[in-house]
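Open the model in your viewer and keep the sequence panel beside it. The tour goes stop by stop: what to select, then what is there.

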Amino acid sequence: MRTESPWRVPDFRTLFSAAVLSNAGTNVGYVAVPLVAVGSLDAGAGEVGALATLSTVAFLLIGLPAGAWVDRMRQRRVLIAADLARALLFASVPIAWWADVLTLGQLYAVVFLNGCATVFSDVTSQSVLPQLVGREGLVRANAAMVSLMAAGNVAGRGAGGALVQWLTAPVAVVLTALSHLGSALQLIRVRHVTAPPPGRKDGGEGLRAQIAEGLRHVLGNPELRALALSAAIVNFGLQVVNTLLPVLFVRELGLSPAALGAFWAAGGVGLLLGSRCARPIAARLGYGRALGLAGLWMAPAGLLVPLVDRGPWLWIAGAGWLLSLFRIGTNNVLGVSLRQRMTPDPLLGRMNATFRFLLTGALAIGAAVAGLLGELAGLHATLWVGGAMIALSCLPVFLSPVRARRELPQEQSLMSGSVTVAGDRDQSRVGG
C-alpha cells in the first residue's frame, strides 16, 4: 500500500537519484553544446537555431508512437537504454574535437539522436512514477522532480557556464556523458516496475488505434486540452528566447559564458521556488485558481525578458526571467499531477507521449522560428516574439474549466477507464 510520502518508497529514491545525475549532465550540455557550435565551429544564429531544432524535433517525429511503444515495453529497460545511448552520443563530441574532426554535421546528428533517446526517457519516467508512489503520492513526487529540474537549471547551467569558461566547451561535454552513464547504472537498482501486458498482434493498425486513443483522451478533454495548449505556447516562447541567448550574450553583448550560465540559473531559481510553492498555493487558492489566476497575475513578467542588455537592463530581464519560470514551476507540478490523476493507468504512456509531442514539438518549432527570425529581423526583435508568447501562455488555462477546479479528481474514478471530475457539482463527466 502506497503512502503520501514518495520518499518512503525505495524505488522512488533510486529513480530520483538517477534523475539527479541525468539532469546535471543535461543542464551542463544545454550550455556547452551550443557554445561548442559558436566558439569552436563559428556558428551563427541560423545554425544555432538549427541545432536547437534538431535537439527537439524527435518528439514531432516519434513522440506519438513512442507512447504506445512504452505502454508495451519493459519500462526499466527503456530508461537504462536511453541513458546509455545519450552517454555514448555525448562522448563522441570531445573525442572528435580532440581528433580535430568535429563538424556541425556531427553536432546535428548528436543532438538529434539524443532527442530520440530523450523521447523514450521522458515518456517512460512520467509513466513509471504513478506505479512507484501511487496516485495519492503524485503531487509530492512531481514537486520533487520539478524541484530537481529547477535545481539542475541553477546548479547545472551555472556550473556549465563556469566549466565552459574554465575547461572549454568540448571538455565540459565529457561531464554530460559521464552523468548519463551514472544514471543508467543507478537505474539498474529499480525493481518494482510492472511488466507490460502481452503484446498485441494486430500490427500497425493496432498501433495507430492506440495512438488515436491517446490523442482523443487529451484533445477531447477540455481541461487536458487547455493544459496542453498553454504549455505548448510557453514552450514555444521559452525556446525562441533560449535559442538566441548564446549568440546574444557571447557575440553581440560581449558577455562571458559564465554570465549566460548565471542568467539561465536565475530562471532555475524561479523554477525551483515555483515548484516548492505549488502545493501551498494550491491549498490556499484551489488547484484551478493556482493554475489560472496566479498565472494571469504573473504573465506580464515575460515582457521584461526581451529588455536584456548590458548594465541594469540585464538585471531587469533576469528578474522577468525568474518570475516567468516561477509561474512555470508552479504550473508544472500542478498540471502534471492533474493530468496523471485524470488518466487511467493503461493510457499513461500515450497521454504522456501526446503531451510531450505537443510540448516538445513546440520547442522544435520555436527553435526554427528563432533561427529564421534572428537572421531576418535581428536578435532583439525575435526576443520580443518569445517574451510575448510567454506572457500570453496563461490564457488557455484561464479561459478553461480548469480555473473552476478546487481539487484533484479522486483516485477511484480512474479505475474503470473513465474519469469522474471531483469537486464542484457543476463540473461535468468527461470521457477517458
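**Before you start**

This is a predicted model: local features need pLDDT of at least 70, side-chain atom pairs count only at pLDDT 80 or more, and totals for chains, interfaces and linings use all residues. Residues are numbered from 1 along each chain as its sequence is written, and side-chain values use heavy atoms, with hydrogens and water left out.

**Whole chain**

Show the chain as a cartoon. It has 15 helices and zero strands. Helices (H or I, at least four residues) and strands (E, at least two) are DSSP runs, numbered from the N terminus. Of the 432 residues, 57% count as buried. Buried means under 20% relative accessible area, exposed over 50%, and partly exposed in between, with a 1.4 Å probe and protein chains only. Now consider contacts, meaning heavy atoms within 4.5 Å. Among those between residues at least 6 apart in sequence, 85% join residues at least 24 apart.

**Helix 2 against helix 13**

Select residues 45-56 for helix 2 and residues 348-376 for helix 13. Two packed helices are described by the angle between their axes and the distance between the axes. Axes are lines fitted to C-alpha atoms, for helices over the stretch in contact, and angles run from 0 to 180 degrees between N-to-C directions. Here the angle is about 170 degrees and the axes are 8 Å apart. Helix 2 and helix 13 are therefore roughly antiparallel. The cut-offs: under 35 degrees is roughly parallel, over 145 roughly antiparallel, 65 to 115 roughly perpendicular, and the rest oblique.

Which residues of helix 2 and helix 13 meet? From helix 2 come Ala45, Gly46, Gly49, Ala52, Thr53 and Thr56. From helix 13 come Thr360, Leu363, Ala364, Ala367, Ala368, Gly371 and Glu375. By class, this contact of helix 2 with helix 13 has six nonpolar, six polar and one charged residues. Ala, Val, Leu, Ile, Met, Phe, Trp, Tyr, Cys and Pro count as nonpolar, Asp, Glu, Lys and Arg as charged, and the others, Gly among them, as polar.

Stay on helix 2. Its buried residues are Ala45, Val48, Gly49, Leu51, Ala52, Thr53 and Thr56. The expected span is 1.5 Å times one less than the number of residues.

**Helix 10 against helix 12**

Select residues 257-285, helix 10, and residues 312-341, helix 12. They pack at about 40 degrees, axes 6 Å apart. That makes helix 10 oblique to helix 12. Their crossing is right-handed. A crossing is left-handed if the near helix is turned anticlockwise from the far one by less than a right angle, and right-handed if clockwise. The contact of helix 10 with helix 12 has 19 nonpolar, eight polar and no charged residues.

**Helix 1 against helix 9**

Next, select residues 10-40 for helix 1 and residues 222-252 for helix 9. The angle is about 55 degrees, with the axes 11 Å apart. Helix 1 and helix 9 are therefore oblique to each other. Tyr30, Pro34, Leu35 and Val38 of helix 1 make the contact with Gln239, Asn242, Pro246, Val250 and Arg251 of helix 9. By class, those residues divide into six nonpolar, two polar and one charged.

**Helix 5 and its ends**

Select residues 104-133. Helix 5 has 30 residues and reaches 43 Å from first C-alpha to last, close to the expected 44 Å. It is mostly covered, with 21 of its 30 residues buried. Gly134 follows helix 5 and has a positive phi, near 75 degrees.

Now find Asp100, in the loop between helix 4 (75-98) and helix 5. Most residues other than glycine have a negative phi. Phi of Asp100 is positive, near 60 degrees. Is Asp100 buried or exposed? Asp100 is exposed, at 71% relative accessible area.

**Two single residues**

Select Leu79 in helix 4. Leu79 counts as buried, at 7% relative accessibility. Not counting residues up to four places away in sequence, Leu79 touches Leu15, Ser121, Thr124, Ser125 and Leu187. Leu79 and Ser121 are 5.3 Å apart, C-alpha to C-alpha.

Finish at Gln186, in helix 7 (residues 169-187). Gln186 counts as buried, at 17% relative accessibility. Leaving aside neighbours within four places, Gln186 is in contact with Thr14, Ser17 and Ala18.
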